[in-house]
Amino acid sequence: MVLNYNCKVNKRCGGCQLSNMTYAEQLKFKQNQLEGLLSGFCKVNNIIGMENPFHYRNKVQAAFYYDFRRKRIMSGVYQSNSQTIVPVDSCMLENENADRIILTVRELCKSFKIPPYDIKKGYGFLRHVLVRTGCKTGEVMVVIVSATPVFPSRNNFVKALLKEHPQITTVVHNINNSEVNLMLGERSKTLYGKGYIEDELCGFKFRISPDSFYQVNPVQCETLYNKAVEFAQLTGRETVFDSYCGTGTIGIIASKNAKQVLGVELNRNAVKDAISNAKLNGVENIYFTCDDAGEYLEYIAGEGERFDVVMMDPPRAGASVKFLDSVVKAEPKRIVYVSCNPVTLKRDLEHLVKKGFFVNEIQPVDMFPFTKHIETVVKLSKSRK
Ligand code: SAH
């Protein structure tokens with residue numbers, strides 16, 4: 001395989017499945033794949049690519065270890081499905097400033113004699129570092145994840161880190177003593193700043209805590225959400241059901257042109273974030289509930305509740321049959337389906353078409369250049385066009 005992009009660890013890391021192609025070839029490849037799956041429903045619009053497909057990731061994480069051969073502290077990414085760490089200094093997908101911060105942490109660990117954690121021996125301190133950046137606001141959060149709670153030379157370490165990178169707005173210490181290689185543990189302590197950052201999407205502010213879900217490519221995310229809201233054709237009079245709503249992003253953006261929005265999400269922490277995001281933006285016509293989207297919609301649709309628009313953004317597994325059947329019962333004029341997996345998207349569209357909906361428009365957006373992942377937004381309605 002000829003690599004077009006000079007990455008030393010490409011094979012071992014496995015993060016960039018399409019780096020043997022130019023960016024134009026990647027877009028063509030994704031377009032062909034989608035047309036193969038979905039063109040039976042309607043024409044597939046041209047995929048919206050990025051002007052600059054590099055360094056788009058606003059969330060960068062690194063695992064730390066001691067390299068006995070080279071006798072120094074190193075950091076990198078876990079090889080997929082293993083505990084082996086592949087050393088990484090910089091990555092063409094990651095925010096460059098975040099990569100530099102991680103290299104500084106390596107250097108500081110050396111000068112402060114802070115040992116990385118060795119999971120096999122159960123010895124050491126530093127496990128991971130997570131850097132999240134609010135690309136519009138410029139706010140930067142650094143999360144230092146350790147195996148043990150006592151942070152040696154803590155204050156001086158943070159001072160030295162801030163001196164090197166004054167753009168950091170908050171530093172959090174997270175303790176993760178679990179046996180498995182989860183990124184974050186349950187306990188966190190803010191060492192500097194607010195303990196979270198904020199970013200802006202489509203004119204709204206969103207709070208990002210160390211473990212909040214937030215799309216990793218903010219430029220394309222804005223394009224995707226704008227498309228989703230455009231497909232909803234809101235005039236200010238509609239009731240909207242935002243299912244699989246995560247931290248409320250799509251519903252909050254849609255709320256400005258809707259009468260009322262109801263968001264449903266299974267993850268309790270995400271619902272908490274969604275409620276504070278609505279408050280942060282002074283949005284008063286949105287409500288959130290923590291439940292399984294299918295169970296909840298089945299119940300309220302059974303009670304006679306109806307929605308003008310259903311927006312849905314399910315995980316890779318797609319939606320449940322219970323959910324899809326309840327959508328039909330809620331008699332929406334339009335459905336906007338945001339999908340991160342074209343295979344389950346096809347399956348779910350087939351189900352909705354059988355129940356009398358028409359697929360009106362299919363718009364792919366390249367959210368993850370150099371990877372095989374494809375994001376698509378689809379508009380369905382009760383009429384052919
Ligand atoms: N719309 C959001 C999040 C999409 S990710 C955004 O754009 O940011 C998919 C979300 O579906 C996740 O937050 C996940 O927790 C949630 N989820 C998964 N299964 C669910 C279910 N059965 N019912 C409701 N939410 C679910």
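Modeller: Start with R70 and D67. Their side chains meet in a salt bridge, 3.0 Å from N to O. The term stands for a Lys or Arg side-chain nitrogen within 4 Å of an Asp or Glu carboxyl oxygen. This is a predicted model, in which local features need pLDDT of at least 70 and side-chain atom pairs pLDDT 80 or more, while totals for chains, interfaces and linings use all residues. Numbering runs from 1 along each chain as its sequence is written, and side-chain values use heavy atoms, without hydrogens or water.

D67 is buried, at 10% relative accessibility. R70 is partly exposed, with a relative accessible area of 42%. Here buried is under 20%, exposed over 50%, partly exposed in between (1.4 Å probe, protein chains only).

In total, the structure holds 13 salt bridges. Another of them joins E139 to K194, with the closest N and O atoms 3.4 Å apart. This pair links distant parts of the chain, 55 residues apart. E139 lies in the loop between β4 and β5, and K194 in the loop between β7 (187-192) and β8 (197-201). Helices (H or I, at least four residues) and strands (E, at least two) are DSSP runs, numbered from the N terminus. E139 counts as buried at 15% relative accessibility. K194, at 44%, counts as partly exposed.

K322 and E295 form a further salt bridge, at 3.1 Å from N to O. The link does not stand alone.

Seven strands make an open sheet with mixed pairing, in the order β3-β2-β1-β4-β5-β6-β7. β3 (85-87) and β7 are the edge strands; each has a single partner strand, so one side of each lacks a neighbour in the sheet. From one strand to the next, the twist averages 35 degrees. β7 has β6 (residues 170-175) as an antiparallel partner, over five bridges. Two strands pair if DSSP finds at least two bridges between them. V172 has T190 of β7 as its bridge partner.

Helix α4 lies across β5, β6 and β7. It runs at about 60 degrees to β7. Axes are fitted to C-alpha atoms, for helices over the stretch in contact (heavy atoms within 4.5 Å). Angles run from 0 to 180 degrees between N-to-C directions.

Helix α3 comes last. It has 16 residues, 96-111, and should span 22 Å at 1.5 Å a residue; its end C-alpha atoms are 23 Å apart, which agrees. The expected span is 1.5 Å times one less than the number of residues. Its buried residues are N97, A98, D99, I101, I102, T104, V105, R106, L108 and C109. Their cover includes strands β1 (59-67), β2 (72-78), β4 (126-133) and β5 (140-146). Helix α4 (154-164) is also part of that cover. Just after α3, K113 takes a positive phi of about 55 degrees.
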